[in-house]
Amino acid sequence: MSKLPNCPACNSDYTYEDGVLFVCPECGHEWPMEQDAENAEETGVIRDANGNELNDGDTITVIKDLKVKGSSSVLKQGTKVKNIRLVDGDHDIDCKIDGFGPMKLKSEFVKKV
Ligand SMILES: [Zn+2]
């Protein structure tokens, strides 16, 4: 069973659930259960540095020099990347760059062409 929150009015821990409310039997306080914040957030849309929506197959350019993980190479600002693929994760763009091979980029460092 999940732990119920204490009453915000009297701090009693004898609270119980009643539909979408929590109820405190000691002082009669009722309050709504919190909404799941993650569900409220917009999901599935990835935007570039300018706030434009990105889609699979788009061409983008890199807006700043980026160090390539695990090598001494630097992906130069202005590098054009064709045919991106959007993925879940911290680095949300999957792509292949000439001279570098498969790479993952962050959408905040790219701009749609
Ligand atoms: Zn109470």
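The model is predicted: local features need pLDDT of at least 70, side-chain atom pairs count only at pLDDT 80 or more, and totals for chains, interfaces and linings use all residues. Residues are numbered from 1 along each chain as its sequence is written, and side-chain values use heavy atoms, with hydrogens and water left out.

**Zinc site**

- Four cysteines supply the protein donors of the zinc ion: Cys7 (SG), Cys10 (SG), Cys24 (SG) and Cys27 (SG), at 2.3 to 2.4 Å from it.
- Donors are N, O and S atoms within 2.8 Å of the metal (3.2 Å for Na, K and Ca); water is not among the atoms, so sites may look incomplete.
- Along the chain, these donors follow the spacing C-x2-C-x13-C-x2-C.
- The site is tetrahedral, with angles of 106 to 115° among the four donor atoms.
- Four donors count as tetrahedral if all angles lie between 85 and 135 degrees.
- Cys7 is buried, at 2% relative accessible area, whereas Cys10 is partly exposed, at 37%.
- Buried means under 20% relative accessible area, exposed over 50%, and partly exposed in between (1.4 Å probe, protein chains only).

**Three-stranded sheet**

- An open sheet has the strand order β8-β9-β10, with antiparallel pairing.
- Its edge strands are β8 (85–86) and β10, each pairing on one side only.
- Strands (E, at least two residues) and helices (H or I, at least four) are DSSP runs, numbered from the N terminus.
- Two strands pair if DSSP finds at least two bridges between them.
- Two bridges join β8 to β9 (residues 93–97).
- Arg85 has Asp94 of β9 as its bridge partner, and Leu86 stands opposite Ile93 in β9.
- The hairpin of β8 and β9 has six residues between the strands, and Gly89 in the turn has a positive phi of about 130°.
- Five bridges join β9 to β10; in one of these pairings, Cys95 has Met103 of β10 as its bridge partner.
- The hairpin of β9 and β10 has three residues between the strands, and Gly99 takes a positive phi near 85°.
- Four of the five residues of β9 are buried, so this strand is largely enclosed by the rest of the structure.

**Largest pocket**

- The largest pocket holds about 210 Å³ of space.
- A pocket is an open set of points on a 1 Å grid over the protein atoms alone, where a 1.4 Å probe fits, with protein on both sides within 12 Å along at least five of seven lines; lining residues have an atom within 4 Å of a point.
- Grid points are joined across faces, edges and corners, and a volume is the space filled by probe spheres set on the points.
- The lining includes Leu66, Lys67, His91, Met103 and Phe109.
- β5 (66–67) and β10 (101–105) each supply at least two lining residues.
- β10 gives the largest share, three residues.

**Backbone and ends**

- Asn11 is not a glycine, yet has a positive phi of about 65°.
- Asn11 sits in the segment before β1 (16–18) and is exposed, at 54% relative accessible area.
- Asn83 also has a positive phi, near 55°.
- Asn83 lies in the loop between β7 (80–81) and β8 and counts as exposed, at 58% relative accessibility.
- Lys112 is in strand β11 (residues 110–112) and is partly exposed, at 30% relative accessibility.
- The C-alpha atoms of Lys112 and Lys3 are separated by 46 Å, with the two residues 109 apart along the chain.

Conventions:
Tetrahedral: all angles 85-135°; square planar, octahedral: opposite > 155°, others 65-115°.
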